[in-house]
Amino acid sequence: KVAIKGIERELICPACKELFTHPLILPCQHNVCHKCVKEILFAFEDSFADGGSESSNQSSPRIRISASSMDRIDRINRSGIKRNSLTPRSTLFPCPSCQRDIDLGERGINGLFRNFTLETIVERYRQAARAAIAIMCDFCKPPPQESTKSCMDCSASYCNECFKIHHPWGTVKAQHEYVGPTTNFRPKILMCPEHEMERVNMYCEICRRPVCHLCKLGGGHANHRVTTMSTAYKTLKEKLSKDIEYLISKESQVKAHITQLDLLLKETEVERAKQEASQSFEKLYCVLEEKKSAALRAIETSKNIRLEKLQTQVEEYQGLLENNGLVGYAQEVLKETDPSCFVQTAKQLHVRIQKATESLKSFRPAAETTFEDFVVDTAKQEDILGDLSFHSNGLEIPEINEEQSRMYNKALISWECPGKTDSADIYVLEYHKLNKEEESVTWQKTEVCGKSKVLSDLDDDSSYAFRVRGYKGSICSPWSREVIMRTPPAPVFSFLFDDKCGYNNEHLQLNPRRTSVESRAGFPLLLGSERLQVGCFTTLDYIIGDTGIAKGKHFWAFSVEAYSYLVKVGVVPSNKIQKLFHNTPDVTSPRYEQDSGHDSGSEDAFFDSSQPCTLVTLGMKKFFIPATPAAPKDPASRILPLPSCLGVCLDCDRGRVGFYDAGRMKCLYECEVDCSGLMYPAFALMGGAAVRLQEAVTAQDREFHDSI
């Protein structure tokens, strides 16, 4: 048997660092106290409400939300958005063990199972720790007697006398199950947290949790692979027993490894490493001292030259004083009475007197007192020293994967190593906003345990540079190549396809999540083709989003399947939705004649003005720029390759809508639009075609990329 006192590490809650109290099993299979889960959720929700302020991070003395969890709190602020339908709300929980945001589903904490097995082990540990401390009877009059048994049905402890009184023979209570004195009372039957009246009798192999038959029939486990509880019990117990037996059989090997590790702790060449590191820094100190001495010598030399010039200038100006220097000498020359001798001397003297007079009028010191030319610029050297670390050729340089990285409501940055090996323990991702006005670049840094990171603090309509490096202990790899990506031009607008307003379920097919729509040529279209002789009698099938926009600037993205024949995308005002679905002209019918035969263009103008919504045409892997007066005359120049992901940016305040290559965030076409009412995203499909909405970037995307 394993000594109960030797497993204390496994019985400590990662949040409060104390023994578990009513532990709950998270979807990530980690355990947290029930009270700690509630406190973390309250603190997390407060952080959302307060915008992630520092004060909200201290809402509980028992637990503390990590900085990485605070970074994942999204700033939600969408003005002018109105939803027509309610969407289920899921609860995110930052697990203190794996540091990941765990989705608890719609039921939140109520959907978690209580770990009764762990609770029983903790209780046995507590009993072994306090050994001599007795459990008293719950029903004795003071002073209470020591209990001799506990009833699992009544969840109470009794002495012999009280047990006989409360469990008399011949009654139902006499059949209750009793055990030795304990404070750990657990239910006999484990009930389903989602269906509280149902007993769990199956085990979901996908979610790795017990479920009831209602969960399998119509709940969240309807399409999951399940097995009976007895089979799961037998299988898991056999696996666990085999693994434990294997570890016990390798006890001598484990002890040998421990001995080897103890020797390594003693023999670690830390002193030599310290000496080599000290020598490297001593070399830097020597270089800096030499540069410092040279700079100080240059300043001292310049000082001496300047002082000499100033001293000479002082002496010259002192000579201009009366009876002193040049003036005194000139005064003596004036005493000469012989004209020839005076002229011989006075000519040169007069030139000197004129120079002295001019210098007196435009006085300027012979040397500057400031030493602005001797400022040492160390900005680049400081950046280099900031990156100073132990470089190793053994660590591969990571590369940012631009295909897996994407910018949407958040930024998902993913990277990989060329050798497909994860040789680094941790990665550091740095990014900064590209701004031509800023002279110096300030990189923002974040540490990542996996190979992807979700960032939520980026500005809209901005370009960012990203780079990443790997660390293994104190050794780091060189920086990866910088990758530049651009954020959407406006906040991301979330919506689903509307399956009620004008939705034609005979021609269009939605997926259960209403995030993709596909046009299908079914049996009704086959019946309608009986009258087909010439031309085509099919029309566009429209579908709109379930959410309208009243004001502001918003962006959404989607992809069009490559096999799509004809797709139109754009926006439609609420006052023209009925016209869109009920008065759609059959533009491909042989009875519809748009052109009267001349090329004035008036028919095209009338046709464009009569349309109820603003749409652009896509299809056959092409993007067609509408024929407008500002568009190129050549039709071929209006046809562009269809991007893998398209975006629409609606600016209600300016009355404009733009269509973007969402991969590069480049505008392909922009036009005016009437935003007098609520504006809805609009799509039209004909023939074989499919449209899929771009899904928002979440923390699960990071987990998915890390698992890959």
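Start by selecting glutamine 311, which sits in helix α8, residues 270-318. Helices here are DSSP runs of H or I with at least four residues, strands are runs of E with at least two, and both are numbered from the N terminus. Keep in mind that this is a predicted model, in which local features need pLDDT of at least 70, side-chain atom pairs count only at pLDDT 80 or more, and totals for chains, interfaces and linings use all residues. Residues are numbered from 1 along each chain as its sequence is written, and side-chain values use heavy atoms, with hydrogens and water left out.

Stay on glutamine 311. Its relative accessible area is 45%, so the residue is partly exposed. The scale is this: buried means under 20% relative accessible area, exposed over 50%, and partly exposed in between, with a 1.4 Å probe and protein chains only.

**The whole chain**

Zoom out. The protein chain carries 15 helices and 36 strands. Of its 708 residues, 34% are buried. Its accessible surface comes to about 44,700 Å², and carbon and sulfur atoms account for 53% of that. These areas come from the Shrake-Rupley method with a 1.4 Å probe; for residues, only the protein chains shown count as cover. Take the contacts between residues at least 6 apart in sequence: 63% of them join residues at least 24 apart. A contact means heavy atoms within 4.5 Å.

**Helices α9 and α10**

Next, select residues 325-333 for α9 and 339-361 for α10. How far apart are their axes, and at what angle do the helices pack? The axes are 11 Å apart and the angle is about 150°. That makes α9 roughly antiparallel to α10. Axes are lines fitted to C-alpha atoms, for helices over the stretch in contact, and angles run from 0 to 180 degrees between N-to-C directions. Angles under 35 degrees count as roughly parallel, over 145 as roughly antiparallel, 65 to 115 as roughly perpendicular, and the rest as oblique. The crossing of the pair is left-handed, meaning that the near helix is turned anticlockwise from the far one by less than a right angle.

Show side chains. On α9, the contact uses Leu326, Tyr329, Ala330 and Val333. On α10, Phe342, Thr345, Leu349, Arg352, Ile353 and Ala356 take part. By type, the contact residues split into 8 nonpolar, 1 polar and 1 charged. Ala, Val, Leu, Ile, Met, Phe, Trp, Tyr, Cys and Pro count as nonpolar, Asp, Glu, Lys and Arg as charged, and the others, Gly among them, as polar. An α-helix has 3.6 residues a turn, so residues three or four places apart point the same way.

Which residues of α9 are buried? They are Leu326, Gly328, Ala330 and Val333. Their cover includes α10.

**The loop between α3 and β7**

Move to serine 147. This residue lies in the loop between α3 (116-130) and β7 (149-151). Is serine 147 buried or exposed? Its relative accessible area is 5%, so serine 147 is buried. Leave aside neighbours within four places in sequence, and serine 147 contacts Ile135, Met136, Cys137, Ser157, Tyr158, Cys159 and Pro181.

A cis peptide bond joins proline 142 to proline 143, with omega about -5°.

**Two positive phi angles**

Go to glutamine 29, in the loop between β1 (23-25) and β2 (31-33). Its phi is near 75°, a positive value in a residue other than glycine. Glutamine 29 is partly exposed, at 32% relative accessibility.

Then jump to methionine 620, between β29 (614-619) and β30 (622-624). Methionine 620 is not a glycine, yet has a positive phi of about 55°. This residue is exposed, with a relative accessible area of 56%.

**Last stop: glycine 502**

Select glycine 502 in the loop between β22 (483-486) and β23 (508-510). Glycine 502 is partly exposed, at 38% relative accessibility. Not counting residues up to four places away in sequence, glycine 502 touches Tyr542 and Phe581. Finish with aspartate 541, 39 residues from glycine 502 in sequence and 9.2 Å from it, C-alpha to C-alpha.
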